[in-house]
Protein chains: 2
Amino acid sequence: MCELLGMSANVPTDICFSFSGLLERGGNTGPHRDGWGITFYEGKGCRTFKDPLPSCESEIAKLVRAYPIKSCSVISHIRQGNRGRTCLENTHPFTRELWGREITYAHNGQLSDYQDLKPEFYRPVGNTDSELAFCWLLDKVREKYPSKPSNMLAVFRYIAKLAHHLREKGVFNMLLTDGVYVLAYCTNNLHWITRKAPFGKATLIDADLIVDFQKETTPHDVVTIIATRPLTKDEHWHKMESGESVIFKLGEIQ
Amino acid sequence: MCELLGMSANVPTDICFSFSGLLERGGNTGPHRDGWGITFYEGKGCRTFKDPLPSCESEIAKLVRAYPIKSCSVISHIRQGNRGRTCLENTHPFTRELWGREITYAHNGQLSDYQDLKPEFYRPVGNTDSELAFCWLLDKVREKYPSKPSNMLAVFRYIAKLAHHLREKGVFNMLLTDGVYVLAYCTNNLHWITRKAPFGKATLIDADLIVDFQKETTPHDVVTIIATRPLTKDEHWHKMESGESVIFKLGEIQ
């Protein structure tokens, strides 16, 4: 399987601390050696760093861990491939443009009987079930909303509804964002935590690293982290239910 | 204006030498301080590194210069903005998926009277004339070829024909690739050079750097570099004519 990491924040925030924990699972404390990727939104634009190499050995991962890119919406993924070989085009996250907005997505799980997913407008570049499901989701959204609706929250609710159909085909945990909203959809393994004042300290599970959020934040900051498994050992993470979706904006549940 | 850099090669080759020269023009030997980007194809996949910071100051550019990513098709761009502010979404290259292929493009120049360019399938995320022109090109290609044709060379010839329409609107120098073919289209400033055996030495114009290609290559390598202005001072670069297009595949003219 794979591991997901996402962030939604009300001020541009770096994800170096959480990403450091995730990276360890990419070949050190976890078996996810088949590539990794991370997408940062800055304004309407986004940029993705990805590598088919294990994250614990990747030069590019070292840069991303050390260089604090500040963003309000981030999606990251480390891969342990099942469907589709290890190569750049099969490396998450995937991004497509819809109505002049960049939509980014990453998936954890495995689908079966997905032959009925036949997207026409968006086509997968690689051969993973994950990218096929993403293209299908976007096709459905484009069909329902040929032009950009004013109510983007309704679009995200519709995507969560579509995700139920994918969950019927296997394990479908996913993160999806347009840079403003971040949707988390759970089949069996997804957790989240919202950090806000009063901030405390947290200790990573996978690396010897403690952060004192009080030193890194202002009293108005709200930062939500979403992850397949909790990344810290001294905080309370919410475990999502099967079929549950949560939509965040600026760190808060919508 | 901006500067373009492209590569087409018959074996995966790193572009570190040429990129080192280009980067200097991003704030040191040239005025192109409004961001930079580079897209590498590896198989069907591609990855882009981009930064709205000047390339001569960018931590990410330092990584790309030092870390040899090997690719057969590369497009890079450093920006001196005219239309559209300096921000991530206005930073070239731009990539869109068409028929399950990643198409990447960068533009040098400035267009006027482009109000008649009204793409519908593909929409710009930022507000540059460049990205608008790219979306228009892809819309036209999609209109003519609703599904992927077997003859991709014909598609690239069609794109070169469409580019004449854009040249009527101002300065339109561009590079466009699907990872296999690399198209160079010139209005007023584009040069290329093909390096093959017997290889010699070359000296960068913008940095104190000499490379002996004989030590870096095999006798079968063919590597074409395309650039706004020649990057080396001791080699003969072909200057393209206004309205001329050249299509490369595996380093060779098609």
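Reader: How many salt bridges are counted between chain B and chain A?
Author: The count is 4 salt bridges between chain B and chain A. This is a predicted model, in which local features need pLDDT of at least 70 and side-chain atom pairs count only at pLDDT 80 or more, while totals for chains, interfaces and linings use all residues. Residues are numbered from 1 along each chain as its sequence is written, chains are lettered from A and ligands numbered from 1 in the order in which they are written, and side-chain values use heavy atoms, with hydrogens and water left out.

Reader: What makes Glu97(A) and Arg96(B) a salt bridge?
Author: The term asks for a side-chain nitrogen of Lys or Arg within 4 Å of a carboxyl oxygen of Asp or Glu. The closest N and O atoms of Glu97(A) and Arg96(B) are 2.9 Å apart, so the pair qualifies.

Reader: Which residues does Asp206(A) touch?
Author: Taking contact as heavy atoms within 4.5 Å, and leaving aside residues up to four places away in sequence, Asp206(A) touches Gly21(A), Glu24(A), Arg25(A) and Thr29(A).

Reader: How many residues does each chain bring to the contact?
Author: Chain A brings 31 residues and chain B brings 31 residues.
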